[in-house]
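Work through these exercises with the model open beside you. Try each task before you read its solution.

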Amino acid sequence: MKNVKAAMRGAQETLGFDSPSYMKGLQVFIADIRNCQTKEQEQQRVEKELSKIRLKFANPKSLSGYDKKKYVWKLLYAYMLGYEIDFGHFQAVELCSASKFSEKTAGYLATSLLLADNNDMVRMIVNSVKTDMASGNEHMAALALNTVANIGGPEFADNLFADISKMLLSQSALSPYIKRKACICLLRLYRKENDGLQPEVWQKKLATMFLERDIGLLTSASGFMLGILEMGKFPVQAWAEVVPPVCECLAGLVQGDCPEYYEYYRVPAPWLQTKLLRILQFFPVVMFDAELLHRLNVMLQTILAKPSSQRSPAPPPGPGKKRSKVDAERQNRSNAEHAILFEAMNLMIHLEDTADPETMRTAAGLLGIFLSSTDPNIRYLGLETMARLATNLSTHEYLDRYKNQILDKMHETDISIRRQALNLLYALCRPENWQQIVDELLEILGASDTLLQEELVLKIAILAEKNAPNFGWYVDVPPLLGIILGLGVGGVRSQVVFKMLESAPDAVADDVWYRVVQVVTGFEDGLAESEKHGLQRHAASKAYQNLTSQRAPHDTLLRLGAYLMGEFGHLLPQSVMPRAKFEALHRHFQRGSQQTKAIVLLACVKLLNANDALKGDVVSFLKEIQD
């Protein structure tokens, strides 16, 4: 016990703590605040203390460093309770240049919290920061670097970036502890001011840092490297020298070469692994030689081939039950494993055709398992990763078997999962399976919420158009399927377009029915005259069917139907009398928008032009509108 007390006293002396009853006034203040029964009592106690401190600061000559420190800590506590602190700033700045660590801590912390947005005040501590960084005292240097990283800002970027860079670039024997703080500072400052960093100077230093053994330093260095690559100020080729050491560092972690105290639930340094995997994704595959690609494929296969039991998330607790400690540990380990796994898949996707086919097969199998996970986050990430994997056509043979599972995800309650499932179905659609996918999506369209309908409509139109065989195909299909085009340059079945207008009319953009009009009118090349007339006859028939149905058509459907009736109504069977065509349009006139009314009116005039027997009805209609 005596040894422990002696060690505590030694630590207090080293850090500048004056006695075991350290800042008793602060302890009393905090205790008083905690004992307040109401907000009003707390406010009165805080205001009383702030008034007292303000008076003390009005006579600075009578204050010792200890007094300043104690009062600044009280100000910080009041600030953290939500009270505005508009004084004591100069005292905080003065503490930054104190000789005692405890006083310097209070000064730097107060500056970080109270003065971060005050450039004029921040400028006043620049010299103190420089002095502490060069002091040779590791604790002082770390404190100064912490302050720089917390505040950042243009003042520090302009005045300190070069000094901190020298700390890392110099050959002086800095401890890994200081190096990793310096890396974090440089990252923060680089995001504000990136003119002071040049690849020809830094790439060799960063490459050397990735050969270090300290996991904390490697994590900081990888974060710095990621920040540089994400900013994109320099071409990635300028950083080519870091690729081999990054790969070597990653290989060691994948093989389990990691100190036990850096393992997270028996997962070796998961944050470092994910960062290294992300760094490699910034470099084009052409920069990787054959040996490096082989090593990467081996590592990816090792990561993906780990027993699935290690990645199984804990089952959710029953209603009213708390998750047990064992389940919590299992969940945390599962999260770490999945983070590495998905980042490894991202790298595999980045490698494209240079990735090992067996690794791709393994990845597809794992993603298929994730679709059935009880964790919605895993299902979402599985769908998102599978959609990007599907951009490589060679993977479709591995992914097609999960098509029905993916379609099931379109019925999930979570819209983000439904949207990812839609993206994946879109990526997987080919001429061999497009009809099944489009039919399923049309069934889903009517019951889908408005947030997803517009995206569904667009993707259905594009899929049907892109995959329809040819224009001649339209005439040969059964009438129920129809024949019409959507967006783009291919064919879309009329049943698709009309079904979308019936199921989700508000989500169908004007471009869809404009395109239908273009194609039916005959603006597409390669369509024989007989096929064109068959297409126009079917379009007019479908329009008449919708206009005469018991249900009032949507405004967009009414516009399309009116245009088709006006242009091609004369192609309807003789059993459809001219007056019936006119009535089909006239009955919907009043409920249409101004644009729709104009199209209906024009269609009626075109019907009159094709059949003089309608003169009386159309003239009466025109007089009715004038009145």
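The exercises below cover a helix, a pocket and some ring contacts in a predicted model.

**Exercise 1. Helix H22**

Solution: 
- Step 1. Look at burial. The buried residues of H22 are Ile417, Arg418, Gln420, Ala421, Leu422, Leu424, Leu425 and Leu428.

**Exercise 2. The largest pocket**

Task: Describe the largest pocket by its volume, its lining and the classes of its lining residues.

Solution: 
- Step 1. Start with volume. The largest pocket holds about 240 Å³.
- Step 2. Go to the centre. The lining has 14 residues, and Glu212, Arg213, Leu218, Cys249 and Asp257 are the closest to the pocket centre.
- Step 3. Find the helices. H13 (215-231) and H14 (243-254) each supply at least two lining residues. H14 gives the most, with 5 residues.
- Step 4. Sort by class. The lining has 9 nonpolar, 1 polar and 4 charged residues.

**Exercise 3. Two aromatic pairs**

Task: The structure holds 11 aromatic pairs. Classify the pair Phe29 and Tyr77, then the pair Phe582 and Phe621.

Solution: 
- Step 1. Recall the cut-off. Planes over 60 degrees apart count as edge-to-face.
- Step 2. Apply it to Phe29 and Tyr77. Their ring centres are 5.9 Å apart and their planes lie at 80°, so this pair is edge-to-face.
- Step 3. Phe29 is in helix H2 (residues 24-35) and Tyr77 in helix H4 (residues 65-80), 48 residues apart. Both Phe29 and Tyr77 are buried.
- Step 4. Turn to Phe582 and Phe621. The distance is 6.0 Å centre to centre, with 70° between the planes, and this pair is edge-to-face.
- Step 5. Phe582 lies in helix H30 (residues 578-586) and Phe621 in helix H32 (residues 615-626), so the pair ties together parts 39 residues apart in sequence.
- Step 6. Check burial. Buried means under 20% relative accessible area. Phe582 has 3%, so Phe582 is buried. Phe621 is also at 3%, so Phe621 counts as buried.

**Exercise 4. Charges over rings**

Task: Which charged residue sits over the ring of Phe87, and which lies over the face of Phe234?

Solution: 
- Step 1. Find the cluster. Phe57, Tyr71 and Phe87 form one aromatic cluster.
- Step 2. Look over Phe87. The charged end of Arg54 sits there, 4.2 Å from the ring centre.
- Step 3. Move to Phe234. Lys233 lies over its face, at 5.8 Å from the ring centre.

Technical notes: Residues are numbered from 1 along each chain as its sequence is written. This is a predicted model: local features need pLDDT of at least 70, side-chain atom pairs count only at pLDDT 80 or more; totals for chains, interfaces and linings use all residues. Side-chain values use heavy atoms; hydrogens and water are left out. Buried means under 20% relative accessible area, exposed over 50%, partly exposed in between (1.4 Å probe, protein chains only). Helices (H or I, at least four residues) and strands (E, at least two) are DSSP runs, numbered from the N terminus. On a 1 Å grid over the protein atoms alone, a cavity is a set of points where a 1.4 Å probe fits but cannot get out, and a pocket is an open set with protein on both sides within 12 Å along at least five of seven lines; lining residues have an atom within 4 Å of a point. Grid points are joined across faces, edges and corners, and a volume is the space filled by probe spheres set on the points. Ala, Val, Leu, Ile, Met, Phe, Trp, Tyr, Cys and Pro count as nonpolar, Asp, Glu, Lys and Arg as charged, and the others, Gly among them, as polar. Rings of Phe, Tyr and Trp (its six-membered ring) pair if their centres lie within 6.5 Å; planes under 30 degrees apart count as stacked, over 60 as edge-to-face and the rest as tilted. A charge sits over a ring if NZ of Lys or CZ of Arg is within 6 Å of the ring centre and within 35 degrees of the ring normal.
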